[in-house]
Amino acid sequence: MNQAQPQKPLPEGDTSVIKDEEAGARGLQRDLQDRLQPADDEPVSEPVNDSAPHPQAPAGSGRWVRRLLKVGIGLALVAIFGWLPLKAVLQTSSVEAVVNARIVTLRSPIDGTVSAKPQSSTQLSVVHEGDTILHVVNARGDRVRLDDLRRQMSRMENERPSLAAKLAAAETSQQDLARQAAQFRDGRILQLEARIAEIQTAIEAAAARREEATAAVERASSLIKSGSVSTVEMARLTREQAIAHQTEIGAQRRLDAAKVELTAARNGTYLGDSYNDRPSSVQREEEMRQRVNDLRADLVHSDAEIDWLTHEIASEQLHYINRAEADIKAPVAGRIWEMMTSPGEDVRAGQPLLKLLDCSGAVVTANVTEGVYNRLRLGEQASFEPNDGSASIKGEIVNLTGASGAPANLAINPDALNKEPYRVTVSMPELDTTGKECAVGRTGRVVFNTDAAKP
């Protein structure tokens, strides 16, 4: 015969309840057996013919019916009161459990005074994601840099019209000087062209004199043999011929020089003894052109600095507003769990203002016995059965905490569940905890399905 398997010890309260219920069931069973014992002196009923008229039922038949009803009721009571404790014993469940959610602490980003914002919801404790809950104003915000930037902007805006006027005047002067330089260049070119024409005429005259002197020398050479021309006259004629030839050569060289000067003048360079390569009008025009370029660069720099100051002022103004005013908005949907300040109170940067209950990520925290805790694994299925008798909600185990302690950022500290030191956190995606239905604090128990662990 097989040896009976040892059973795990049960909690003391559960054991006493089961013993009382088993004793009651055994007493009821003995009472039923006594009632079902047939009496020796009871008459046995005769079979009755269906065709005969029905006689009146004997008194013993009624007693049998009542006995059968009592037996049925007794068996039903035994089944009910015996199955419920047995079911509780067979299930792996928590000792106690409560719906929980994490707490989000909102702090002041700046120093200032707290003022309340009107709530969009009818319930002041219910907030939606992005709702403005509080408003902090710092009337003593630092605006030194903003004022400096605005002063620089005012100075640059006042200087720009003066730069623009100087640039316009310089451009007008530069145009006048450029016109004078162009007129001088044109006049110089005309002058050089006239000189070249004069030199060409002188060259032609010198060539004619040279030819005449050459013809005279040739005639004198033919007459000198006959004695008609003296030697002195011949020498004079020869000298005149040489002078005419040199005069022609000199005129030709002056023509070459004039052509060189004309070419240089057309290229913008002026050659001469009384001035350098640039006349004063051209030099002044070049100086004014340089000044125009400098003023134009200064104006472009001024515009660029004004644009930069405009951007910096806008950025600094935004920073100043952020330092002077701040809206405290809800990062998640939920409920105001604890208001740690009030309108009109002065707060410091980083000071906690309120605690917000994150109803969008509610969980169930439960404590279990050590034996149950050792059998549980992360990812196993579980269901939360509220104490108010509503439908159970399915979930899975997401955290197992032993005697080391549980997270402290929850609305209800798991240490409040003090019957057992072993805690389990169960995620309940189907738990509706948003808005008015935020059920944090709802109690019940968690039933674990250790055979349906998720892969």
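How many bridges join strand β4 to strand β6, and which way do the two strands run? Four bridges join them, and the strands run antiparallel. The model is predicted. Its chain has 455 residues, of which 30% are buried. The secondary structure comes to six helices and 15 strands.

**Overall make-up**

- Six helices and 15 strands make up the secondary structure of the chain.
- Buried residues account for 30% of the chain.
- Take the contacts between residues at least 6 apart in sequence: 80% of them join residues at least 24 apart.

**The four-stranded sheet**

- The sheet is open and has four strands, in the order β7-β6-β4-β9.
- Pairing in this sheet is antiparallel.
- β7 (325-329) and β9 (346-347) are the edge strands.
- Each edge strand has a single partner, so one side of each lacks a neighbour in the sheet.
- β4 covers residues 112-116, and β6 covers residues 132-137.

- Helix α5 (residues 280-324) lies across β6 and β7.
- α5 runs at about 60 degrees to β7.

**Helix α3 against α4**

- Two packed helices are described by the angle between their axes and the distance between the axes.
- Helix α3 spans residues 144-223, and helix α4 spans residues 231-266.
- The two pack at an angle of about 160 degrees, with axes 7 Å apart.
- An angle over 145 degrees counts as roughly antiparallel, so α3 is roughly antiparallel to α4.
- The crossing of α3 and α4 is left-handed.
- The residues of this contact comprise 20 nonpolar, eight polar and 12 charged.

**Helix α3 against α5**

- α3 also packs with α5: their axes come within 7 Å.
- These axes cross at roughly 160 degrees.
- α3 and α5 are therefore roughly antiparallel to each other.
- The crossing of α3 with α5 is left-handed.
- The contact of α3 with α5 divides into 21 nonpolar, eight polar and 16 charged residues.

**Linking the parts**

- α3 makes a contact with α4 and another with α5.
- β6 stands between β7 and β4 in the strand order.

Technical notes:
Residues are numbered from 1 along each chain as its sequence is written. This is a predicted model: local features need pLDDT of at least 70, side-chain atom pairs count only at pLDDT 80 or more; totals for chains, interfaces and linings use all residues. Side-chain values use heavy atoms; hydrogens and water are left out. Two strands pair if DSSP finds at least two bridges between them. Contact means heavy atoms within 4.5 Å. Axes are lines fitted to C-alpha atoms, for helices over the stretch in contact, and angles run from 0 to 180 degrees between N-to-C directions. Angles under 35 degrees count as roughly parallel, over 145 as roughly antiparallel, 65 to 115 as roughly perpendicular and the rest as oblique. A crossing is left-handed if the near helix is turned anticlockwise from the far one by less than a right angle, and right-handed if clockwise. Ala, Val, Leu, Ile, Met, Phe, Trp, Tyr, Cys and Pro count as nonpolar, Asp, Glu, Lys and Arg as charged, and the others, Gly among them, as polar. Buried means under 20% relative accessible area, exposed over 50%, partly exposed in between (1.4 Å probe, protein chains only).
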